Amino acid sequence: MTLRDLKKLESAPAQGQMLVYTRQEVIFKKYEGREELSEVLGDKELLELHLFDEQKEYRSVASRSRRFPSGVIETVADFPEEDKWTVFKESVLLEDSQEQITVLNHIAYNEENGMAYVDDYRLKMRGRS
């Protein structure tokens, strides 16, 4: 998958943080606009792309599943984080940085079998408090 293969890229945050997995490298850096994505990623083969800010995350994953004939799974996670009953937060201080990356896991509950499960997640960055 390359940037050209992505159909929902316009739903990504206009600026924020990028986490990109390619076959050659992992890129983790801030971006100031979607034009910068083309400059940084060009025609590289992408395995995963995460673009996120404080409010939402766009992500795409390359897939060989027959359920995704285009070879790409794209989604936008923008659930609110305020509900302490349905969102579990885990933050990690990044090495050599004053910033934290937080994983927000959205928890759903299946009343039929009594099981709770993570039905969505999103990433978020913030400066150290």
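The chain averages a pLDDT of 92, and 98% of its residues score at least 70. This is a predicted model, so I will start with the confidence by element. Strand β3, residues 46-52, has the highest mean pLDDT among the elements, at 97. Strand β8, residues 115-127, has the lowest, at 91.

Strand β1 covers residues 16-22, and six of its seven residues are buried. On one side, β1 pairs with β2 in the antiparallel sense over six bridges. These two strands form a hairpin, with three residues between them. β1 also pairs with β3, again antiparallel and over six bridges. Tyr21 shows both pairings: Val26 stands opposite Tyr21 in β2, and Glu48 is the bridge partner of Tyr21 in β3.

Now Phe28, which is in strand β2, residues 26-31. Beyond its neighbours within four places in sequence, Phe28 is in contact with Gln17, Met18, Leu19, Phe52, Leu94, Ile101 and Met125. Glu45 is 17 residues from Phe28 in sequence, and their C-alpha atoms are 16 Å apart.

Last, the rings. Arg122 lies over the face of Phe79, and here the distance to the ring centre is 5.4 Å.

How values were computed. Residues numbered from 1 in each chain as written. Predicted model: local features only at pLDDT ≥ 70, side-chain atom pairs only at ≥ 80, totals over all residues. Heavy atoms only, no water. pLDDT = per-residue confidence, 0-100. Helix = DSSP H or I, 4+ residues; strand = E, 2+ residues; numbered from the N terminus. Lys NZ or Arg CZ within 6 Å of the ring centre and 35° of its normal. Contact = heavy atoms within 4.5 Å. Buried < 20%, exposed > 50% of the residue type's maximum accessible area, 1.4 Å probe, protein only. Pairing = 2+ DSSP bridges.
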